[in-house]
Each structure stands twice: as structure tokens, then as C-alpha cells.
Amino acid sequence: NFSGEHNNLLAAAVFQPTLLLYSTPAAAAFQPCCCCIPPDTLLQQPASGTDHRRAPSITFHVVFIILFWLKSEDFDTSALVSLSTTEYNEYLHLKAQKQTSSPIGYMMLRLHLDEEKLLDAVCLEKDVDGFHPINMGNLALRGREPLFIPCTPKACIELLIRSGVKIAGKRAVVIGRSNIVGLPTSLLLQRHHATVTIIHAYTENPEQTTSEADIVVSAAGVPNLVRGNWIKSGATVIDVGTNPVEDPSCEDGYRLVGDVCFEEVIKVASVITPVPGGVGPMTVTMLLLNTLDSAKRMLNYT
Ligand SMILES: NC(=O)C1=CN([C@@H]2O[C@H](COP(=O)(O)OP(=O)(O)OC[C@H]3O[C@@H](n4cnc5c(N)ncnc54)[C@H](OP(=O)(O)O)[C@@H]3O)[C@@H](O)[C@H]2O)C=CC1
Ligand SMILES: Nc1nc(=O)c2c([nH]1)NC[C@@H]1CN(c3ccc(C(=O)N[C@@H](CCC(=O)O)C(=O)O)cc3)C=[N+]21
């Protein structure tokens, strides 16, 4: 079982060396920074939709960590909050020129914040999300290396490797094909020599295909999609889903659940990630790691 505690330890294991590295004098002069820019619509008034309601807390979470890295005066979160969509693109462009920043846009696909323009504007060397089409293309092409690997897919692989799960030669099923999770995760698993099948909303008999997999990564955004009978005995299950479900007994009126029916699947799988406390915190760690790599590359620091 990947317990929350175990996962926090893994996150710390990545995080601590990066902190140590950055206490060196050469690096001290340089301030790696990643600004997470939430879309204006999201900050004005979160609507009742799933993603909207969930986003502010996650955004805060990320901004909090980023401020920790920053130590710099030129980062004004209150200014970011008041940006309009057009200004947002301009801001990204501006930030892209600056030495210390790695601008990322908080993708809320249903809000459609001119995602294409936004991604094109991000400077390749600072694309810590790994969503720029060139980084994505290089992830897909054999013999090429992307400058950055997207954070959530990287987090999934990190969890597998650090937990001793063999990937090469194994059958992997990825549920979901979004640009930010499903697609890059399937590409990355393939790079690690898994035999990958992708399941999406049009797939017939997803349970049949999934039950043949040694590794299942679910990123559909559907609570309780993956049931016990979808999983082969002893399989590894990575639950990326972060879905709020109403729960009046919780302080905010909702709680977070994954895509996987945890109670059923834990009886069949050999290892499974919990939600919360699974892929999410590791994703944030990978964002920091990518930010650090970006800064190191700019410093020619090897
Ligand atoms: N922990 C983390 O770090 C992160 C968690 N998330 C969470 O992961 C989940 C997915 O996010 P994201 O990829 O952005 O979501 P999207 O809505 O962009 O994509 C969902 C994907 O799942 C597929 N899908 C939807 N319903 C079903 C179904 N019933 N059966 C099979 N496939 C289905 C869709 O298929 P189709 O393409 O055919 O529509 C689509 O490809 C969400 O819960 C999100 O909150 C997201 C990012 C990071
Ligand atoms: N440009 C961009 N990059 C992203 O990486 C990106 C994005 N847009 N849009 C939205 C998704 C979602 N995402 C999450 C990251 C961390 C948690 C996370 O840390 N979750 C905690 C819970 C957090 C809480 O309780 O508030 C957990 O699962 O334990 C969740 C979700 C990144 N995304």
C-alpha cells in the first residue's frame, strides 16, 4: 500500500536534496521560481462545477510552495489574482523574458483560457509543466528528450519506480487521454517499455481491458469508476482522480475521492495510491523538481 505517510516520505526524499543543492553560494544568487497563474474566472467566483470548486484550494497549495522558493519581491500574487484573460497572456509573455521565472498556467480545460496561445507563449526552457507542443512532441518521439516531463505523469512513474514496481514488459492501462495527464502518462509508460492501452469515454468494455493490466493508471475524473472486478489480482493501481463529492459531514461540505473504489480495489491490488495523499503531493514535488531543473539549466549548473 502506498500510504499517505509513505508518500510524504517519498516527496521529502526528492525535496530535501534539492533544498541542499540550492543552499550552495552559486545558486543562492539565483532564485528559482515558478509562478502559478490561476485563470481570472476561477478567482472571481468559483461556480458550483466540480473543477471550479476544487481549484482555489489547490491553487493556493501550489502558490504557497512557490512562494517558499521565491524569496523575491517581484512576485505579487495579489496582482496575479486581478489579471484579466488578455492581461494574463501578456503577463505570461512578460514573465517568459524574466530570468528567474517559470510561468505555468493553471489548466482548467472547461474554462478554455485560450490554452493554445498560452502554451505557445511559454518559453521552452521554462516550460515546467512540460505542456508546450515541442516538449510534448519530444516526449512522443523516439530518440528525443523533452526538456521537461509533465508533472503528474512523472509523479506516477516516480511512485512506481520508488516502490519497486517493474514497468518494462508489463501491460499498463491508462484511463483518460487528456493533454495534461492521460496522454503524456501513456507516452511516458511507453518510454519505460510498458505495453500501453488507453481507455477513454468511447471505449467499449473498459473493465475487460483493465482487468488484464499489471499497472492501471486512472485519470478520468469519475468517482468510483474503477471497481474491484476491473482489477487483476496483484496489479498496481495509481489513482490520479481528484474528485470532490458532497459530504455534509465534512467542513467544506465535500471530500476528495479518486476514480478508484478504494475499499473494493485494495482487496485485489497489490499496491494502490490513496486520494488524497497519493499522486497529488508527488505532482507538486515534480513541479518543484522541474522548476529546479529549469533554473539549473539556465545557470549551466550540472
Ligand atoms: N493528482 C493530480 O496531480 C492531478 C489530478 N487530476 C485529476 O485527474 C482527473 C482527470 O483530470 P484531466 O485529465 O484533467 O480530466 P479531463 O476531463 O481533461 O479528461 C478526462 C479523460 O477521461 C476520459 N473519461 C471520462 N469519463 C470516462 C469514463 N466513464 N470512462 C473512461 N474514460 C473516461 C475522457 O475521455 P474522452 O477523451 O473520450 O472525453 C478524458 O480523456 C480529475 O479528477 C482531475 O482532478 C488532474 C491533474 C493532476
Ligand atoms: N498547468 C497545470 N498544471 C497542473 O499540474 C495542473 C493544472 N494545470 N490543472 C489542474 C491539475 C490538477 N493538479 C493537481 C495537483 C496537485 C493536487 C494535490 O496536491 N492534491 C492533494 C489534495 C489537495 C487539497 O486537499 O487541496 C492530494 O491529492 O492529496 C491535486 C491536483 C495539477 N494540475
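Here are some friendly notes on this predicted model, with its confidence first and then a few sites worth a look.

1. **Ground rules.** Residues are numbered from 1 along each chain as its sequence is written, and chains are lettered from A and ligands numbered from 1 in the order in which they are written. In this predicted model, local features need pLDDT of at least 70 and side-chain atom pairs count only at pLDDT 80 or more, while totals for chains, interfaces and linings use all residues; side-chain values use heavy atoms, with hydrogens and water left out.

2. **Confidence.** The chain has a mean pLDDT of 72, and 57% of its residues reach 70 or more; pLDDT is the predictor's confidence in each residue, from 0 to 100. For the model, ipTM is 0.98 and pTM is 0.81. Please keep two stretches in mind as you look around. Over residues 37-113, pLDDT stays under 50, and the model has 137 contacts there beyond four places in sequence (a contact means heavy atoms within 4.5 Å). Residues 17-23 also stay under 50, with 18 such contacts.

3. **The ligand site.** Ligand 1 is surrounded by 23 residues, the closest being R177, S178, T242, N243 and T283 (a residue is near a molecule if one of its heavy atoms lies within 4 Å of it). An oxygen atom of ligand 1 is 2.7 Å from an N or O atom in the side chain of N243. Backbone atoms take part too: a ligand oxygen is 3.0 Å from a polar backbone atom of T242, and a ligand oxygen is 3.1 Å from a polar backbone atom of A201. The protein covers 75% of the 930 Å² of accessible area that ligand 1 has on its own (Shrake-Rupley method, 1.4 Å probe).

4. **N243.** This residue lies in strand β7, residues 243-246 (strands are DSSP runs of E, at least two residues, and helices are runs of H or I, at least four, numbered from the N terminus). At 5% relative accessibility, N243 counts as buried, where buried means under 20% relative accessible area, exposed over 50% and partly exposed in between, with a 1.4 Å probe and protein chains only. The N243 side chain also reaches the backbone oxygen of G258 at 3.1 Å. Beyond four places in sequence, the residues that N243 touches include G221, P223, R255 and D259.

5. **D259, a partner of N243.** The side chains of D259 and N243 make a polar contact at 3.0 Å (a pair of N or O atoms within 3.5 Å; within protein, one must be able to donate a hydrogen and the other to accept it, and residues adjacent in sequence count only if both atoms are side-chain atoms). The D259 side chain also reaches the backbone nitrogen of G221 at 3.2 Å. D259 sits in the loop between β8 (254-257) and α12 (262-265). Is D259 buried or exposed? D259 counts as buried, at 0% relative accessibility.

6. **Helix α9.** Residues 151-162 form this 12-residue helix, which reaches 16 Å from its first C-alpha to its last, close to the 16 Å expected at 1.5 Å a residue (1.5 Å times one less than the number of residues). Because 10 of its 12 residues are buried, α9 is largely enclosed by the rest of the structure. Among the buried residues are C151, K154, E158 and L160. Just after α9, G164 takes a positive phi of about 75°.

7. **F131.** Finally, F131 is in the loop between α7 (115-121) and α8 (133-140). F131 is buried, with a relative accessible area of 10%. F131 and N179 are 48 residues apart in sequence, yet their C-alpha atoms are 7.7 Å apart in space.
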